[in-house]
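Please read the following explanation with the structure in view.

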Amino acid sequence: MSATISVTPSEIIQYLYCPRFIYFEKVLDIPQHEENSYKAMRGRRLHETKASLNKDYLRKKIGVTDKLQEQYLTNDLLRGKVDEVLSLSDDTMAPLDYKFAQYKDRVFSTYKTQLACYACLIEDNFGKEVHQGYLVYTRSRNKLIEVPIAAQEKEQVQECARTIAHIISTNYFPKATRYKKRCTGCTYRNICIQ
Ligand code: SF4
């Protein structure tokens, strides 16, 4: 296992969808095709929304005492950019992330994974415990949702990061996803032995 490979939240999300994505993209260097124009538009709109917000605004209702914006954090396993790192009145900290999305009564598991990665990064960089994260849904009038982050979820993302580093550093060909339905629309289905 390599200690020099650091893994992003989106790589962990891809790995959880199918472990072979990492192999094809990072070992064989075959990129996934993405809807780039939609992704770019979403990124631009999110950036505009964030830029229009009051940078000094502290969300006191949820106990925020201070915040740091746009924090690029790393540790020996992970790296990622957190929109806001919140200091809370109970001496814990929390990540806050903006989503160009509507809130539809449930939080996607991909968002939870991302927040769990940020929780690990905050704990390692600031030496404070993280028990929850926050999401702001910009297409639901900036609705704020609290997302609990369990110790087990933090351990799971770190375990995934170790496995991803192992796949990349040893050229290891991992098992296919158990969910065969996912292969139907997959970019790699023509080269993937299942
Ligand atoms: S074809 Fe299926 S097993 Fe292969 S990479 Fe795609 S989702 Fe994974």
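The paragraphs below take these topics in turn.

This is a predicted model, in which local features need pLDDT of at least 70, side-chain atom pairs count only at pLDDT 80 or more, and totals for chains, interfaces and linings use all residues. Residues are numbered from 1 along each chain as its sequence is written. The quantity pLDDT is the predictor's confidence in each residue, from 0 to 100. The chain has a mean pLDDT of 92, and 95% of its residues reach 70 or more. Confidence is highest in helix 4, at 98, and lowest in helix 3 (residues 36–52), at a mean of 74. Where pLDDT is low, the predicted coordinates should not be read in detail. Helices (H or I, at least four residues) and strands (E, at least two) are DSSP runs, numbered from the N terminus.

Consider next the sheet. Strands of a sheet pair through backbone hydrogen bonds, either parallel or antiparallel. Here, two strands count as paired if DSSP finds at least two bridges between them. The open sheet has 5 strands in the order 1-2-3-4-5, with mixed pairing. Its edge strands are strand 1 (64–74) and strand 5 (143–148), each of which pairs on one side only.

Strand 1 and strand 2 run antiparallel and are joined by 9 bridges; a hairpin connects them through 4 residues. Within this pair, Leu68 has Val85 in strand 2 as its bridge partner. Strand 2 (residues 79–88) also pairs with strand 3 (residues 93–99), in the antiparallel sense over 4 bridges. Glu84 has Leu96 in strand 3 as its bridge partner, and Leu86 stands opposite Ala94 in strand 3. The hairpin of strand 2 and strand 3 has 4 residues between the strands, and there Asp91 takes a positive phi near 70°.

How do the helices meet? The axes of helix 4 (residues 109–126) and helix 5 (residues 151–170) come within 9 Å and cross at roughly 90°. Axes are lines fitted to C-alpha atoms, for helices over the stretch in contact, and angles run from 0 to 180 degrees between N-to-C directions. Helix 4 is therefore roughly perpendicular to helix 5, a term for angles of 65 to 115 degrees. Two residues are in contact if their C-beta atoms, placed from the backbone, lie within 7 Å. Residues of helix 4, including Lys112 and Cys120, meet Glu153, Lys154, Val157 and Gln158 in helix 5.

Finally, 12 residues surround the ligand, and the closest are Cys18, Ala176, Cys183, Cys186 and Cys192. A residue is near a molecule if its C-beta atom, placed from the backbone, lies within 6 Å of it.

Notes:
Angles under 35 degrees count as roughly parallel, over 145 as roughly antiparallel, 65 to 115 as roughly perpendicular and the rest as oblique.
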